[in-house]
Amino acid sequence: MTGTTAPRQRAAAAPARRPRRPLTPARRWALRLASVAAILVAWQIYGSLLNPILLSSPTAVLAAAVAMIKDGSLPQALASSLVVLGLGLASGVVAGVTLGLLAGRSETLAALLELPVTALYATPAVALIPLIVLWFGFETTAKTVVVFLFVVFPVLVNTTRGVRETDPELIEVARTFCSSERRMWADLILPSALPFIVTGIRLAIGRALIGVIVAEYYTALSGLGELIARSANSFQTARMFVPIVVVALLGVGLTAALEWAERRLARWRATAA
Amino acid sequence: MPEREFVGVIGVSGGGKTTLLRTIAGLLPTSTGSVTLGGTPVLAPTPRAAMVFQHFGLFPWKTVRANVAYGLRVQGRGPAPGQVQRLLAALRLDDVADRYPAQLSGGMKQRVGIARALAVEPKLLLLDEPFSAVDAITREELQNEVLQLWERHQRMTALLVTHDIDEAILMSDRIIVISGPPGHITRELPIGLPRPRTSQDVRSHEDYPRIRKLLWDSLERRPARLPEPA
């Protein structure tokens with residue numbers, strides 16, 4: 001049964017109910033923008049009724065952003081945070097995927113990793129920051145380590161799970177055709193683990209952004225975290241919101257980039273429907 | 001098992017048919033006795049045997065063409081585009097060669113499975129209930145196609161595991177019945193029907209009812225005990 005005929009038959013069986021059609025891309029974008037617009041309008045209206053220290057408003061935040069770009073404080077802070085984010089996210093994803101793939105294939109490694117990983121995944125990484133500072137100082141290295149700790153576990157756990165979920169029937173197919181272990185990775189294990197790896201990275205992006213701000217707060221104050229802290233301390237609420245919005249935009253942008261990469265890598269799923 | 005013969009194995013579910021097939025494929029170890037192929041024992045999967053799977057076992061992320069070429073590629077025998085193209089044509093898959101399995105019907109998926117097995121030019125073709133997951137009309141089509149392919153290039157031995165008596169009669173030179181305690185062979189029956197065959201002329205052959213009855217009787221277990229009338 002092909003996917004194209006199924007909905008039509010369902011419609012014929014229950015003529016009273018309209019079949020649920022997937023949203024068209026244009027409609028989906030309209031809905032996305034509508035929700036953002038609604039939030040901004042509500043913020044603008046409610047914000048202008050209150051003391052600007054308590055909430056500020058989107059227009060005031062925009063004006064503050066322009067000013068902070070002009071005086072160079074925002075680009076400088078962003079660059080500093082992006083270095084930490086990039087290094088921490090990249091090293092965490094590489095380590096998480098590598099260890100996760102190995103743990104998925106090796107029972108021994110999985111058993112060795114299980115308790116430490118579960119324990120560290122559950123421990124708030126913030127609690128480890130004093131120790132990280134003792135070991136790595138206050139600068140970029142320490143901050144990268146904090147982000148790494150936020151990132152590595154969800155990637156590792158999801159990757160292992162993905163390797164485990166490889167269809168046993170396909171493993172059997174590979175074995176009857178006398179596939180080598182190396183070829184089995186390329187033909188079978190990596191493609192079937194891919195969606196799980198992507199899910200792990202998606203979680204990791206959110207956690208990495210938290211990690212960057214946390215690291216910038218609790219080690220040497222720097223980057224976007226510093227901008228947030230200093231603006232808040234001096235009651236410049238509009239200026240405080242600028243780096244927060246930038247972090248949110250980074251999250252949206254990175255997630256969109258990941259989805260784009262996944263679509264490129266898994267074309268077979270996009271065309272399956 | 002003589003070479004170049006088409007052997008059918010029938011039996012009820014859970015009777016050990018699939019175990020037998022998987023042992024021959026080298027996927028399972030033997031508990032007693034041994035499996036040999038062309039004189040050498042089979043302890044692990046061998047490139048001389050290829051299997052068609054009940055649930056197709058296609059790689060969803062590979063196109064039809066890449067699935068058919070799979071066996072050749074993992075066995076380091078090059079992409080062999082000519083060979084793959086020939087099989088795609090023989091199984092009427094040319095039009096869908098660049099599609100992914102999720103875009104195909106069950107019958108088409110199994111055509112891919114069959115082409116993939118034939119591509120490695122096995123000495124032994126193992127068929128694990130290959131037509132049980134497709135609808136009745138497609139099943140008959142596929143049976144006839146496989147029969148034709150096999151009759152045309154009679155270079156390989158084929159072993160078909162099925163629970164469909166008619167399918168076994170249609171395709172086999174010899175039928176082995178497994179029933180009773182798991183793995184117990186209760187009957188071995190040569191099928192002398194003339195080749196080439198089609199489902200139409202096999203079913204109208206005068207010997208057909210007799211063969212069918214013989215097989216059915218040897219499959220039959222103790223009749224279920226009916227409740228006493230009150």
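Chain B comes out with eight helices and eight strands, where helices (H or I, at least four residues) and strands (E, at least two) are DSSP runs numbered from the N terminus. Everything here rests on a predicted model, in which local features need pLDDT of at least 70 and side-chain atom pairs count only at pLDDT 80 or more, while totals for chains, interfaces and linings use all residues. Residues are numbered from 1 along each chain as its sequence is written, and chains are lettered from A and ligands numbered from 1 in the order in which they are written.

Of the 230 residues in chain B, 40% are buried; that label takes 20 or more other C-beta atoms within 10 Å of a residue's own, against 12 or fewer for exposed and anything in between for partly exposed, with C-beta atoms placed from the backbone.

Six strands of chain B line up as β4-β5-β6-β1-β7-β8 in an open sheet with mixed pairing, two strands being paired if DSSP finds at least two bridges between them. At the edges sit β4 (49-52) and β8 of chain B, each pairing on one side only. From one strand to the next the twist averages 15°, with axes taken as lines fitted to C-alpha atoms (for helices, over the stretch in contact) and angles running from 0 to 180 degrees between N-to-C directions.

At the β4 end, β4(B) runs parallel to β5 (residues 124-128) of chain B, and four bridges join them. Here B:V52 stands opposite B:L127 of β5(B). Towards the other end is β7 (residues 174-178) of chain B, which is largely enclosed by the rest of the structure because four of its five residues are buried. On one side, β7(B) is joined in parallel to β1 (residues 6-11) of chain B by five bridges; with β8 (residues 185-190) of chain B, β7(B) pairs in the antiparallel sense, also over five bridges. B:R174 turns up in both pairings, as bridge partner of B:V7 and of B:P190 in β8(B).

The two chains also meet. The contact takes 18 residues from chain A and 20 residues from chain B. On the chain A side, α8 (168-176) and α9 (181-218) each supply at least two residues, and the largest share, six residues, comes from α8(A). By class, that side has nine nonpolar, four polar and five charged residues; Ala, Val, Leu, Ile, Met, Phe, Trp, Tyr, Cys and Pro count as nonpolar, Asp, Glu, Lys and Arg as charged, and the others, Gly among them, as polar.

As for cores, the largest nonpolar one has 118 residues, and A:V146, A:V147 and B:L126 have the most contacts inside it. Such a core is a set of buried Ala, Val, Leu, Ile, Met, Phe, Trp, Tyr and Cys residues joined through C-beta atoms within 7 Å. Leaving aside neighbours within four places in sequence, A:V147 is in contact with residues including A:V84, A:L85, A:G92, A:A208 and A:A215. A:A208 lies in helix α9 of chain A and is buried, with 26 other C-beta atoms within 10 Å. Between A:A208 and A:L85 there are 6.6 Å in space, C-alpha to C-alpha, although they are 123 residues apart in sequence.

Methods: Two residues are in contact if their C-beta atoms, placed from the backbone, lie within 7 Å.
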